[in-house]
Amino acid sequence: MTIVLVHGNPETSAIWDDLIPHLISDDVRTISPPGFGAPVPTGFEATMDGYLEWIIDEIRQIDSPVDLVGHDWGGGHVVRLACERPDLIRSWASDIMGVFTPEYVWHERARIWQTPGTGEDSVAAMINATPEETTERFHTLGMSKPIAREVAQAINDDMGRCVLKLYRSAAQPIIGDLFGSLKKAAVRPGLAIVATEDPFVGGELLARKAAVRAGAEVGILKNQGHWWMCTAPESGADLINSFISRVNNI
């Protein structure tokens, strides 16, 4: 059994550092989407479909049964793989299920990134902030200082370009139109992780709607925000461990 963790934007795999020691598997791996703590290959298209192809290629290389867990856009890539290539995994978990509903409204920063001109200005400001400023901002939002510091070091021009391409490829109604395909993810056991204080992913109601469509369980992390794996690593790991233990018994 291999647990594979996939992070999102604007992050690196460092966000998992506090969670990993609490997971039950002896084989826990992290993979980093191109532009987000990993190089961007020549010719790579940083769109939803480009990242789907990327994650499929990554998981193909793992021989043991995979329990795939995604956060933020990593969770988006996980859901899309679960829909399109469920044969590659044993189970899946995502904390952004609500974004795959027609009712979902992208958060303010995402809408800025999706707007030509203002999006470029926003990304430039993110890149031009000092590492100290970025570290403090992420720390305020829930990352520990060491994790925030590592993530801050990875923010660069490549990440900025990937942010814009990815979010623009997923503007509504594009991502909401994928709601119908969620039923294909029911082929494998799924878990919709809901951090109740996460302001970016549509809330519990939309997450539950998407989970029903995908045949997934719902796991609640009360009073936790977007970076629940940093603020409540033991609780987050307990949720994942309990789910995987149930998968083991299927």
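Student: What makes Trp-227 count as buried?

Tutor: Keep in mind that this is a predicted model. Buried means under 20% relative accessible area, and Trp-227 comes out at 5%, so it counts as buried.

Student: Why is the pair of Tyr-51 and Trp-54 called edge-to-face?

Tutor: Ring centres have to lie within 6.5 Å to pair, and planes over 60 degrees apart count as edge-to-face. For Tyr-51 and Trp-54 the centres are 6.4 Å apart and the planes are at 80 degrees, so the pair is edge-to-face. Both residues belong to helix H1 (residues 48–60); being three residues apart there, they are separated by about one helical turn. Tyr-51 is buried at a relative accessible area of 0%, and Trp-54 is buried at 10%.

Student: And what do the rings of Phe-138 and Trp-227 count as?

Tutor: Their centres are 5.7 Å apart and their planes at 75 degrees, so this pair is edge-to-face. Phe-138 lies in helix H5 (residues 131–141) and Trp-227 in the loop between E6 and helix H9 (228–231), so the pair ties together parts that are 89 residues apart in sequence.

Student: How many aromatic pairs are there by this rule?

Tutor: The count comes to 10 aromatic pairs. Some ring pairs link up into a cluster, made of Trp-73, Tyr-104, Trp-106, Trp-113 and Tyr-167.

Student: Which charged end sits over the ring of Phe-138?

Tutor: That of Arg-137, at 4.8 Å from the ring centre, where the distance limit is 6 Å.

Student: How do you know that the buried residues of H8 line one face of the helix?

Tutor: List them to begin with: Leu-206, Ala-207, Ala-210, Ala-211 and Ala-214. Looking down the axis of H8, these residues fall within an arc of 140 degrees, so they line one face. Leu-205 and Val-212, on the other side, are exposed. Strands E4 (91–94), E5 (190–195) and E6 (217–221) are among the elements that cover the buried residues.

Student: What should helix H8 span at 1.5 Å a residue?

Tutor: The 12 residues of H8 (203–214) should span 16 Å, and the end C-alpha atoms are 17 Å apart, which agrees.

Student: Where do the buried residues of H6 fall, seen down its axis?

Tutor: In helix H6 (residues 145–153) the buried ones are Ile-147, Ala-148, Val-151 and Ala-152. Down the axis of H6 they fall within an arc of 135 degrees, so they line one face of the helix. On the other side of H6, Pro-146 and Gln-153 are exposed. The cover over the buried residues of H6 includes H5 and H9.

Student: What makes H2 largely enclosed by the rest of the structure?

Tutor: Of its 12 residues, 11 are buried, so H2 is largely enclosed. Among the buried ones are Trp-73, His-77, Arg-80 and Cys-83. What covers them includes strand E1 (2–6), H1, strand E3 (66–70), E4 and helix H7 (157–169).

Student: Why is His-139 called partly exposed?

Tutor: Buried needs under 20% and exposed needs over 50%. His-139 has a relative accessible area of 32%, so it is partly exposed. Leaving aside neighbours within four places in sequence, His-139 is in contact with Ser-144, Lys-145 and Ala-148.

Student: Last one: which residues have the most contacts inside the largest nonpolar core?

Tutor: Ile-55, Ile-59, Leu-68 and Trp-92, in a core of 84 residues. H1 gives the most to this core, with seven residues. Beyond its neighbours within four places in sequence, Ile-59 is in contact with residues including Val-4, Ile-31, Leu-68 and Leu-88.

Methods. Residues numbered from 1 in each chain as written. Predicted model: local features only at pLDDT ≥ 70, side-chain atom pairs only at ≥ 80, totals over all residues. Heavy atoms only, no water. Helix = DSSP H or I, 4+ residues; strand = E, 2+ residues; numbered from the N terminus. Expected span 1.5 Å × (residues − 1). Buried < 20%, exposed > 50% of the residue type's maximum accessible area, 1.4 Å probe, protein only. Arc of directions from axis to C-beta. Contact = heavy atoms within 4.5 Å. Phe/Tyr/Trp six-rings, centres within 6.5 Å; stacked < 30°, edge-to-face > 60°. Lys NZ or Arg CZ within 6 Å of the ring centre and 35° of its normal. Core = buried A, V, L, I, M, F, W, Y, C linked by side-chain atoms within 4.5 Å.
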